[in-house]
Amino acid sequence: MSEPVLSIRGVRKYFSERRRLFGSTPPPIQAVQNINLDLYSGDSLGVVGESGCGKSTLARTIVGIIPPTSGEIVYRGSDIASLKGRERREIYKHIQFVFQDPTSSLNPRKTVREILSAPMIELLGLDKREAERRAQALMDKVNMRPEFLDRHPHEFSGGQAQRIGIARALATNPEVLILDEPVSALDVSIQAQILQLLKSLKSDLGLTYLFISHDLAVVDNLCDRVAVMYLGSVMEEGSAHRIFDNPRHPYTNVLLASIPHPDQHETTSIRLSGDLPNPADPPPGCPFQPRCYRATAQCSQSKPALIDYGSGHKAACFYADAPEPPPAAPLESQAVAETADVSG
Amino acid sequence: MSGSVRPRFGAGLRRFFYNRLAVVGLGILIAIAAVSLLAPILPLAHPNITDLAMRIMPPGTEGHVLGTDQLGRDILSRLIWGTRISLAVGLSATAIAAIIGSLIGIVSAFYGGVIDNTLMRGIDMLMAFPYILLALAIVAVLGPGLFNALIAISVVNIPFFARNVRGATVSLVRLEYIDAARLSGKNNFKILFGELLPNVMPVIVITISTTVGWMILETAGLSFLGLGAQPPTPDLGSMLGDGRSVILTAPHVATLPGLVILVLVIGINLVGDGLRDVLDPYLRAGALVSPRPATEVDAKLLARKRAEKADDRRAGESEDGNRKTGAPGGAQSDGGDSGQPDGDAQSDGDGSGHSDGGAPHISELPLSVRNLRTWFWQRDAQIHAADDVSFDLPKGRALGIMGESGSGKSVTALSVLGLVPTPPGRIMDGSVAYYGEELVGAPLEKLRFYRGNRIAYIFQNPMTSLNPLFSVGEQIAEAVRRHQPVTGEEARAKAGELMDMVQIPDARRRINDYPHQLSGGMRQRIGIAIALANDPDVIIADEPTTALDVTIQAQILRLLEDLRERYGVSLVFISHDFGVVSAVCERIVVMYAGEIVESGSVEEIYRRPLHPYTRRLMACVPKVGSRGAEMDAIPGLPPALDRLPAGCRFADRCDMAIEACTSAPVPLEEHANGSPFGAREVRCIRAKEVTV
């Protein structure tokens, strides 16, 4: 296999709170714990997980908005995790970012022209006229009328604003796009428009995507590979069809079973009870163990490693290879009862 | 660029001139500024030439319109030249304070940490002294004189700017567009002055407009004390000081400069208010109108309702007997403990179109909405938020309202109990009936009685609907006590029961928790417990799971389902997600641009959507397993609700639209006999052609 374009190696991000006036320093929030992911050219890797799983923190760490606590982010063979100043700006040419909220990521006092030309002037050193020409081409790429260059962000709907956010990210012709929940703030019909746009941009421009989302269906639609995160760790990783058709990790199973579907009004599948543990005080062993319907004593003693079970399908579970227990009704109620106690 | 800035500027100007007092202030300022600017060419006596023969002349003396002071100097001339100096000093002091103060504020907010601490502690030290004392100390060190007074006043006012600007900047620094600018390659300098400063500018301007008047007063104060303008230079403050010694014999010498100061400062403050209105519309005087306790009902509709009610009462007396037999106990809820206000139940006023044979009478329905029309009235637009919305909800059933943002689903839900804020909301037409009891135009006490009691709401974001200052137990107990005559202890016990009912583990301990101590899912359970507090007949849940994670959403959906089955509550469930609606509802109405476009059972709509919008909306929702499939997105955007097309509102995005679609409004028509309650309806002239 060829070399990955972007390689995340042992990245951790801990947020430590300020020391209290009296008493000890509170334990740091372990937002991202030892993540290893490879992104190959032309890949679209989806990172899914629920709120608080560290997926957005990971995205921001990769692009350099926040520095990682430890670990390497290797772009084309060199570690970019601690770059600053000019070297960091050089990386911005190649790795760009699309924000979740299109309205708060566009400066209300700037015109679209100013927003789109900024990266071309600052990063590529283009003059204003050349930037103008390319800004018009960019607008065309994201299916917006070039006249809109004169407008301010508040004059656009959410979907249009997100198109501008995407255009801004594409302004320097980057190789890798990190997309942080780019469609979750949008209405369903607009979401489909943006997903369609992202797909056609990817094939037209040969982009590589790292796509963060909480929506499994969106990820399955857009991505070839998927990593499932929970409480700062990757639980399962592999091609989309393996993950979604034959999940090996109980958490992935629970996520899939939780999606309401009109075809199965009465779902008898496993449901998760209890809440996410405190990321400043993660449970011992497997992070999912207190809520897991398959957990045993072993799970709380040691943390299962992310092991490859063939064809790049990795899972961090001691029972990833064992068959699912039969999905009988008693299992469900039992699981709920047990975990409800633990979560209290 | 100018093309897009001009309309905003024009709008601002219009808003400024809308404020009459600000225009008066602006007039005063322009007049004063013009006169003082023209001082050198006006035919005035020299302000400093003394003429002891003409000492203390009263106003009206020949050659001295406003008289003279104790050295025989012309007061008019000194006033004009003095105003010139006072204005110049006040404005330059403001400019210096604004520039230095804003710079400190913006830099300390942007960098934070040590820089912030150092700068702001310095500012705190400046603020620890009474400002006049500080100014006196500075002048004492530098020596008296106008220039030194100017420096003193600038220094004294720097903290105002620093603090205001820092406060405004701190909230902006964390916004994503700052990150985006950094990713665009901008350095800190460009981010500070190119991205942040334009957004902080309104705050700076507002602070200037509120402090410039003060600065002029302070300049006058220092001069009055003899520390500012030195004789013979005239300045409003020193003139006031000079006049003080003759205040008993010649009051005009002190009064006239005093009046000029007064008028000048009033003018500045009026203009400042006007500017603030333009730049910060939320603070506008009179803009902070609290919404009315119930949505306004259009006057014509209200009059018609009253007339109908009177008619019904007359007709009802004769009809009363046979209706009682037709619907035994229909008007009474099962709870029985509610003690509804005396039942002036009225019959179905508008004789709705499709009440075929087996349909229950309106007096048996916990909720019946007919032709509801709620609009938002804005200064120059009427937003048709909900138009002609009708649905029935029988006891114990669940109805879903599905639609995207702006479809009118929430407005419909809030209109039921008059919870749409007025202004701008107004119910224009239609009726909402609870067991036959009309709620549109009902008196406020009646609406209050129903709110949270017979009809309860669950909102999308439990964090904003719960009060952060009270424990969740107190808030549930409060909901109980609002409608039930129980003691505090009983209410608390009931709160515990309710928390058990919504399956909050370890409810007894959690009862004292505050909302922020609970997770999103737990908070939503509290929201549900509050909705259940008075055993309501109807629960209206507005996107109750949208803010939650998918695993938590599954828990909440199941809880709602359980509660509905166990307690026979009727449910209106609003969501944009067909999957979620289908998990709890039997019947769905689909809304688009304020109208119902389709209704029917979950299965029917899922298997055979009749309206092109429903069909295409469901087609463009990605599903797990639909790997890489091309999504057929709906092109374009929904229409603006204040400029709706004459015909079908979906026509311009529809691939089935023909000419007839755009010429006239399309009615919602019955397509087939429906199930499980209500007909299968669709608002499309080509619905009959659908054969999927």
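1. Phe15(A) stands opposite Ile29(A) of strand E2 in chain A. The two residues belong to a pairing of E1(A), residues 6-15, with E2(A), residues 29-39, which is antiparallel and runs over seven bridges. The model is a predicted one, and the points below should be read with that in mind.

2. Strand E1(A) has a further partner. Strand E4 of chain A, residues 70-75, pairs with E1(A) in the antiparallel sense, here over five bridges. Within this pairing, Ile8(A) faces Ile73(A) of E4(A) as its opposite residue. As background for reading these strands, side chains in a regular strand alternate between the two faces of the sheet.

3. Glu175(A) sits in the loop that links helix H5 (158-170) to strand E7 (176-180) in chain A. The side chain of Glu175(A) makes a polar contact of 2.5 Å with that of Tyr75(A). Leaving aside residues up to four places away in sequence, Glu175(A) touches Val5(A), Tyr75(A), Arg76(A), His94(A), Leu207(A) and Thr208(A).

4. Chain A also holds an open sheet of eight strands with mixed pairing, in the order E6-E7-E8-E3-E9-E10-E12-E11. At its edges are strand E6 (95-98) and strand E11 (307-308) of chain A, each of which pairs on one side only.

5. One pairing in chain A joins strand E3, residues 44-48, to strand E8, residues 208-213; the sense is parallel and there are five bridges. Here Leu45(A) stands opposite Leu210(A), a residue of E8(A).

6. Helix H9 of chain A, residues 250-258, lies across two strands of that chain, E9 (225-230) and E10 (233-239). The helix runs at about 100° to E9(A).

7. In chain B, the helices to look at are H5, residues 131-142, and H8, residues 188-224, whose axes come within 11 Å and cross at roughly 55°. Because of that angle, H5(B) is oblique to H8(B). The crossing of H5(B) past H8(B) is right-handed.

8. Which residues form the contact between H5(B) and H8(B)? From H5(B) come Tyr131(B), Ala135(B), Leu136(B) and Val139(B), and they meet Trp214(B), Glu218(B) and Leu222(B) of H8(B). Sorted by class, this contact of H5(B) with H8(B) has six nonpolar residues, no polar ones and one charged.

How values were computed:
Residues numbered from 1 in each chain as written. Chains lettered and ligands numbered in written order. Predicted model: local features only at pLDDT ≥ 70, side-chain atom pairs only at ≥ 80, totals over all residues. Heavy atoms only, no water. Pairing = 2+ DSSP bridges. Helix = DSSP H or I, 4+ residues; strand = E, 2+ residues; numbered from the N terminus. Axes fitted to C-alpha atoms, helices over the stretch in contact; angles between N-to-C directions. Parallel < 35°, antiparallel > 145°, perpendicular 65-115°, else oblique. Left-handed = near helix turned anticlockwise from the far one by under 90°. Contact = heavy atoms within 4.5 Å. Nonpolar A, V, L, I, M, F, W, Y, C, P; charged D, E, K, R; others polar. Polar contact = N/O pair within 3.5 Å; in protein donor to acceptor, adjacent residues only side chain to side chain.
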